[in-house]
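Please open the structure in a viewer and keep the selection tool at hand.

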Amino acid sequence: MADDLLPLSSGFPDATEAEWLASVDKVLKGRGIDSITRKTVDGLEIHPLYRESDFPAATDPLGAPGAAPYLRGPTAAPDRFAPWDIRQAFAHPSPVTTNEEILRDLERGVMSVELKLDCTGANGVQITTLEDLRTALKGLRADIAPIALDHGAGSGVTAATLLGLWGQEQDTPASQKFDFNMDPLGCLARTGKLSGGLNATFARLSAAANSLGDAYPEAGLIRIDARMVHEAGGSDAQELATLIASAVDTLRRLDNRADISALVPRMSFAIALDSNYGLGVAKLRAARRLWARILDAMELQPVPMRLQAVSSGRILSRYDAWTNMLRTTAAAFAGAVGGADILTIRPFNEALGIPEGLGRRIARNTQLIAMEESQLGRVADPTGGAWFTETFADDLAEAAWKEFQTLEAEGGYADSLIAGSFQKRIAEKREARAKDIAKRKVPITGVSEFPLLDEIAAPVADAPSVTPKDGISNEGFARFVTADLPADEADATAEALPRIRLAEDYEALRDAASAAPKRPSIFLATLGPLAEHNARADFARNLFAAGGLEATQPPVPPQSPSEAAAAFKASGSKIACICGADARYEDEAVETAKALKAAGALHVWLAGKFEGDSIDSNIFMGCDVLHTLKLAHANLGVAQ
């Protein structure tokens, strides 16, 4: 049968690596292949070429899929029909509407449900009593479709016991599949506060976990969530370090309160995936290596790491929101190929408001297409042995381990948060990334690159009027916890990790421009024929559109500085940008700039690096675009 295979390379001559490198060197004009090595925010190098010698597969250090220590996933053969759990998050403030959405989405392919809770109703479903929960979960069977909780502003202990109380009302309580997802340290990082202090909170967690664990043998009890580090602008290594540092600190505080060896298999872990699917796959692999190392160090039996991957919120944009579909598809690919056990994709319109039917439909169908049409889950560990993936996963795990050791030296995850040390390191990464975004070294399609000023807005659900409530009822906790608990102490407080979106600085400028009585504009003073000025005119048009400014230019290129000045006056704009070829700048740029200033231009830019009298600023690849746009807004009087 091998003779029947189509030899795809037969039409090409054999080539050695040396010949290939010589061709690359020629394209790079002698700079060498290492000149295109990139670095991540963690400082890790991504090389353009990986070889077998970078990660020797012959030694097979990772074992086999389904074999301890489960570095290559929990099973040797994925489930043919459900290789991963398609979990949809629901955040509509109304329990009634949430119930309608859940039932509809379960009928259309969602496998499990995650309720995003928020007592205020501003960022999730407002469930504070057992009756609210009954309304939201009416008609659901958790023995068929698991129900999970996302606690938002709480540690999750009280809400988990409320769900446990609902489970007792079902026909077969012991068969209910819940993910209670209690996570006190995640609450401290997200909100900056843990009511009652660490000791009392972990005593409550231990008591609730013991009771709920006995009542629901198939339930997950604790989720170690590191997504808030990613959403605060942290790096991949910082997020992974959080994952294991939070787990170690949690287990340490539960020691002598609960059976740790029985608790570990009932833990899950949540991380975020952005649109860089190569790094996303490596991050999932690195997480497993780190957790296996922790279990070994704690002398606990190796168990599969139950990983939930959630598409990143920070990569979503409000402008050209349709592009978010591509971003979340890349994240879904990374989760499927990287072996996530649970995958949650955010609706593409989530950054605009409450997602409606289309947003949730695209979110679930992205996974269904990946699973059933692309069949991404049919192969166990499809990237196993891939030289880049394995090498970078190792690099990422080592970087995360160093950050983990730093956290341990600071007293553990909770102590580092309370002292503010970890937040400072996250802020450094966030600021470094922001500088790259400002200079478009990290481009955001539809926002900082290729913005559409006349885009078609994506739909969102109508936001209902909601009255905030004080908190979640204690009726579930009173039912499940009878143990004596220590008295509350002073609240544990820390600087809360902020939630950012990479596009928000550009979006603020677009918002300001949209709110102006008339769309602000900039005049493009083109020099020479179309062939000479078109590339830089397009560059300038794209750059200024990122701030909501419309670029105008005369239909016929001006033949002199006086003609350029006349066209500028006729445009009605107050600022201008000169666009042309370098050779023409030498003869015409300064005179054109002077003529534009004489015609009333408040500020004159030039596309390129040529400098001269009356040229106020330059725009070019790598310039600070955000600073340029803020300056343009200031000259135009656009209110921020």
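Select α10 (277-297) together with β9 (267-273) and β10 (307-311). Helix α10 lies across β9 and β10, and runs at about 150 degrees to β9. Helices (H or I, at least four residues) and strands (E, at least two) are DSSP runs, numbered from the N terminus. Lying across is judged by contact, meaning heavy atoms within 4.5 Å; angles run from 0 to 180 degrees between N-to-C directions, with axes fitted to C-alpha atoms, for helices over the stretch in contact.

This is a predicted model, in which local features need pLDDT of at least 70 and side-chain atom pairs count only at pLDDT 80 or more, while totals for chains, interfaces and linings use all residues. Residues are numbered from 1 along each chain as its sequence is written, and side-chain values use heavy atoms, with hydrogens and water left out.

**The barrel**

Next, select β3, β4, β5, β6, β8, β9, β10 and β11: in this order the eight strands form a closed barrel with parallel pairing. Two strands pair if DSSP finds at least two bridges between them. On average, neighbouring strands of this sheet are turned by 30 degrees against each other, direction ignored.

**The largest pocket**

Which residues are closest to the centre of the largest pocket? Select K116, N123, R346, E350 and R499, the closest of the 47 residues in its lining. The space in this pocket is about 1200 Å³. On a 1 Å grid over the protein atoms alone, a pocket is an open set of points with protein on both sides within 12 Å along at least five of seven lines, a cavity is a set where a 1.4 Å probe fits but cannot get out, and lining residues have an atom within 4 Å of a point. A volume is the space filled by probe spheres set on the points, which are joined across faces, edges and corners. Helix α7 (227-231) gives the largest share of the lining, three residues.

**The second largest pocket**

Move on to D274, S275, N276, R433 and V442, the closest to the centre among 36 lining residues. This second largest pocket has a volume of about 870 Å³. Helix α10 and strand β9, from the opening stop, are among the elements that give two or more residues to its lining.

**The largest cavity**

Finally, select the lining of the largest cavity, including D150, H151, R190 and D225. About 50 Å³ of space lies in this cavity.
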